[in-house]
Amino acid sequence: MARTMKLTCPNCNKPSFSAWRKQLIGPGRTMLCEHCGARVSLSKLHAVPALMMGFAYPVLAILALAEAGFPGLGIVTVLSLGSMGLYQHYLVPLVVCD
Ligand SMILES: [Zn+2]
């Protein structure tokens, strides 16, 4: 996952977006293609599991803290953020907004 790698625009197929921007926008927010100006967002359907993980994280974090203390909290945090990031990067497609 190189920082310089660009994701292609679903409208013009040119490399327009950094992987980090995709991680940061989240569903419901858009970014503009630097080549064609299309408004691009994440697929809402595919973003649902990532959102669910986002809601589950605080619960898991509290459980881990109660059961295993700060090492447990650290493990849950790394696993949650890592799996969400990988899921969003590889499995959630970019879509053009109308
Ligand atoms: Zn474009």
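Start by selecting the zinc ion: its site is tetrahedral, with angles of 106 to 113° among the 4 donor atoms. The label has a rule behind it: four donors count as tetrahedral if all angles lie between 85 and 135 degrees. For the record, four donors would be square planar, and six octahedral, if opposite donors were over 155 degrees apart and all others between 65 and 115, while anything else is called irregular.

Now show the side chains around the zinc ion. The protein donors are the SG atoms of Cys 9, Cys 12, Cys 33 and Cys 36, at 2.2 to 2.3 Å from the ion. Donors here are N, O and S atoms within 2.8 Å of the metal (3.2 Å for Na, K and Ca), and water is not among the atoms, so sites may look incomplete. Along the chain, the donors of the zinc ion are spaced as C-x2-C-x20-C-x2-C.

Before you click further, a word on what you're looking at. This is a predicted model, in which local features need pLDDT of at least 70 and side-chain atom pairs count only at pLDDT 80 or more, while totals for chains, interfaces and linings use all residues. Residues are numbered from 1 along each chain as its sequence is written, and side-chain values use heavy atoms, with hydrogens and water left out.

Colour by pLDDT, the predictor's confidence in each residue, from 0 to 100. The chain has a mean of 88, and 95% of its residues reach 70 or more. Confidence is lowest in helix H1 (residues 19–25), with a mean of 86, and highest in strand E3 (residues 31–32), at 94. Those element names come from DSSP runs, numbered from the N terminus: helices (H or I) have at least four residues and strands (E) at least two.

Is Cys 9 buried or exposed? Cys 9 counts as buried because its relative accessibility is 0%. Cys 12, at 25%, is partly exposed. The cut-offs: buried is under 20% relative accessible area, exposed is over 50%, and partly exposed is in between (1.4 Å probe, protein chains only).

Next, select strands E1 and E2 (residues 15–18), which pair in the antiparallel sense over 3 bridges. Strands count as paired if DSSP finds at least two bridges between them. Lys 6 has Ser 18 in E2 as its bridge partner. The E1–E2 hairpin has 6 residues between the strands, and Asn 13 there takes a positive phi near 60°.

On the surface, Glu 34 is exposed at 52%, whereas Lys 6 is partly exposed at 41%.

Now hide that and bring up the open sheet, whose 3 strands run in the order E3-E4-E5 with antiparallel pairing. E3 and E5 are the edge strands, each pairing on one side only. E3 and E4 are joined by 2 bridges, and Met 31 has Val 40 in E4 as its bridge partner.

Which of its 13 residues touch the most other members? They are Cys 9, Phe 17, Met 31, Val 40, Leu 42 and Leu 94. E4 and helix H2 (44–91) each supply at least two residues of this core. Such a core is a set of buried Ala, Val, Leu, Ile, Met, Phe, Trp, Tyr and Cys residues joined through side-chain atoms within 4.5 Å.

Last, try the distance tool. Val 96 and Ala 64, 32 residues apart in sequence, lie 39 Å apart, C-alpha to C-alpha. Tyr 90, in helix H2, has its C-alpha 15 Å from that of Pro 10, 80 residues away along the chain.
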